[in-house]
Each structure stands twice: as structure tokens, then as C-alpha cells.
Amino acid sequence: MTEAAIKMQNTNTTIVKGTISYPLSASEAFKLGIGVRTAIMNVYASLAEKCSTNNDRAVINNVVTQDQEKIATLEKEFDFALNCEVGRFYAAGGTLLETDEMARKISNTSQLIQRNLDNCSAHISSLTKEAHTTSDSQEIMTLASRINEYVKDMYLRLAQFYPQGEIRRVFQYMADIG
């Protein structure tokens, strides 16, 4: 067990468990990305309503459009990954459960992964609240930029917790596309 995992296991810090399940397959990682991107798109929609100028509103609406395109891309990737997983399952005679294998591989880091996901959920909630209270156009644009950087950093952190393989590549891919 890694040193960080031991510390996490011995901590008394309360966290909300089960708000977001950590992915055990590439398709689950894409599904997580779709959910995160959809939540962020909703924050952007709130920000667009708060914009005082048409120019700022157009910029935020452009970001929403880009997010819709990213979600469509992630949905296609999800479908492909899920089809590949089902194909491997049937090719193995219905005995290969990749999620069980991945759960064993990340047993030492699963608490760290879950904590990162729970923190992400809490952070998105706080950004949503901040979006509802923000009215200054400069603050709106800064908040939109902070959201994208946060999500990219989260994906890169999550990638580090997984062994080399599909899930790590999915998180790196999602960080690359923003």
C-alpha cells in the first residue's frame, strides 16, 4: 500500500461517499467525463445569463457550444469503449470481468480516487453557487477560465492513480480535449 493510501485510510476526515463512483473501465471513465462536462455546461449556462454585454454572452455561449461538441465526442468514445468491453467479455466466453480486475489493481489508491471525485463534485457545486452570485463580467470570464483549468487538472490527477492502460489514457485524452 502506498504511503498516501495508508494516510488516507487512517484519516478521520469525513467525506461524502458514493456521490460519484470511480470508474473501473474505459466506458465508465467516459461516462464520468460526460457527467462532469454536462455539469460544467450548466454552470456556463448560468454564467451566460449573468453576462451584462452581448459580447460576453456570445463568448460564454461559444464555450457552451464547444462543450456540447465535447460531450458529443465523449458519447461516441463511450459507445466505442463499451462495445469493445462487451466484445472482450464475450470473446473470453463470458468469464472476463475487467472491472473486477481493475478494482484489484487500484485497491491501494481507490480511496484517493474517490476523494478526488468527491472533491470535484463539491467544487462543481461551489462553482455553481458562485456562478449564481457573480454579476461582474470580468469575474464571469475568470470563473469560466478557472472551471476549465480545474477539470483538466482533475483528469490529470485521476490518470496518475490508475495503472498504465485504457482508463489512464481516457483521463489523459479528456484532459487534452479540455
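User: How are helix 2 and helix 6 oriented to each other, roughly parallel or roughly antiparallel?

Analyst: Two packed helices are described by the angle between their axes and the distance between the axes. In this predicted model, helix 2 and helix 6 pack at an angle of about 170°, and their axes are 10 Å apart. Angles over 145 degrees count as roughly antiparallel, so helix 2 and helix 6 are roughly antiparallel to each other.

User: Which residues of helix 2 and helix 6 meet?

Analyst: From helix 2 (26–50), the contact takes in Leu 32, Gly 33, Val 36, Arg 37, Ile 40, Val 43, Tyr 44, Leu 47 and Lys 50. Helix 6 (residues 137–161) contributes Ile 140, Leu 143, Ala 144, Ile 147, Asn 148, Val 151, Met 154, Tyr 155 and Leu 158. By class, the contact of helix 2 with helix 6 has 14 nonpolar, 2 polar and 2 charged residues.

User: What is the angle between helix 3 and helix 6?

Analyst: The angle is about 10°, with the axes of helix 3 and helix 6 lying 11 Å apart. Angles under 35 degrees count as roughly parallel, so helix 3 is roughly parallel to helix 6. On the helix 3 side the residues are Asp 56, Val 59 and Ile 60, which meet Ser 137, Ile 140, Met 141 and Ala 144 of helix 6. The contact of helix 3 with helix 6 divides into 5 nonpolar, 1 polar and 1 charged residues.

User: How many helices and strands does the protein chain have?

Analyst: The chain has 7 helices and 0 strands, and its pattern along the sequence reads α-α-α-α-α-α-α. Among the contacts with a separation of 6 or more, 77% are between residues 24 or more positions apart.

User: How do I read exposure, and where does Leu 117 fall, buried or exposed?

Analyst: The cut-offs are under 20% relative accessible area for buried and over 50% for exposed, with partly exposed in between. Leu 117, in helix 5 (residues 110–133), has a relative accessible area of 1% and is therefore buried. Apart from residues up to four places away in sequence, Leu 117 touches Ile 20, Ser 21, Tyr 22, Pro 23, Leu 32 and Leu 158. One of these contacts, Tyr 22, is 95 residues from Leu 117 in sequence, with 7.2 Å between the two C-alpha atoms. For the chain as a whole, buried residues make up 38% of the 178 residues.

User: Which class does Ser 52 belong to, buried or exposed?

Analyst: Ser 52 has 56% relative accessibility, so Ser 52 counts as exposed. This residue sits in the loop between helix 2 and helix 3. Its contacts, leaving out residues up to four places away in sequence, are Arg 57 and Ser 137. Ser 52 and Ser 137 are separated by 85 residues in sequence and by 6.6 Å from C-alpha to C-alpha.

User: What about Glu 139, and why does Glu 139 count as partly exposed?

Analyst: Glu 139 lies in helix 6. The relative accessibility of Glu 139 is 46%, so this residue counts as partly exposed. Its C-alpha is 9.9 Å from that of Leu 47, a residue 92 positions away in sequence.

User: How is the largest pocket read, and which residues lie nearest its centre?

Analyst: The largest pocket has a volume of about 220 Å³. Its lining has 15 residues, and Glu 98, Met 102, Lys 105, Glu 166 and Ile 167 lie nearest the centre. Two or more lining residues come from each of helix 3 (54–91), helix 4 (98–105) and helix 7 (166–177). Helix 4 gives the largest share, 4 residues. By class, the lining of the largest pocket has 5 nonpolar, 3 polar and 7 charged residues.

User: Where is Pro 163, and which residues is Pro 163 in contact with?

Analyst: Pro 163 is in the loop between helix 6 and helix 7. With a relative accessible area of 29%, Pro 163 is partly exposed. Leaving aside neighbours within four places in sequence, the contacts of Pro 163 are Met 102, Lys 105, Ile 106 and Arg 168. Met 102 and Pro 163 are 61 residues apart along the chain, and their C-alpha atoms are separated by 8.8 Å. Met 102 and Lys 105 are also among the residues that lie nearest the centre of the largest pocket.

Definitions and conventions. Residues are numbered from 1 along each chain as its sequence is written. This is a predicted model: local features need pLDDT of at least 70, side-chain atom pairs count only at pLDDT 80 or more; totals for chains, interfaces and linings use all residues. Side-chain values use heavy atoms; hydrogens and water are left out. On a 1 Å grid over the protein atoms alone, a cavity is a set of points where a 1.4 Å probe fits but cannot get out, and a pocket is an open set with protein on both sides within 12 Å along at least five of seven lines; lining residues have an atom within 4 Å of a point. Grid points are joined across faces, edges and corners, and a volume is the space filled by probe spheres set on the points. Ala, Val, Leu, Ile, Met, Phe, Trp, Tyr, Cys and Pro count as nonpolar, Asp, Glu, Lys and Arg as charged, and the others, Gly among them, as polar. Buried means under 20% relative accessible area, exposed over 50%, partly exposed in between (1.4 Å probe, protein chains only). Axes are lines fitted to C-alpha atoms, for helices over the stretch in contact, and angles run from 0 to 180 degrees between N-to-C directions. Angles under 35 degrees count as roughly parallel, over 145 as roughly antiparallel, 65 to 115 as roughly perpendicular and the rest as oblique. Contact means heavy atoms within 4.5 Å.
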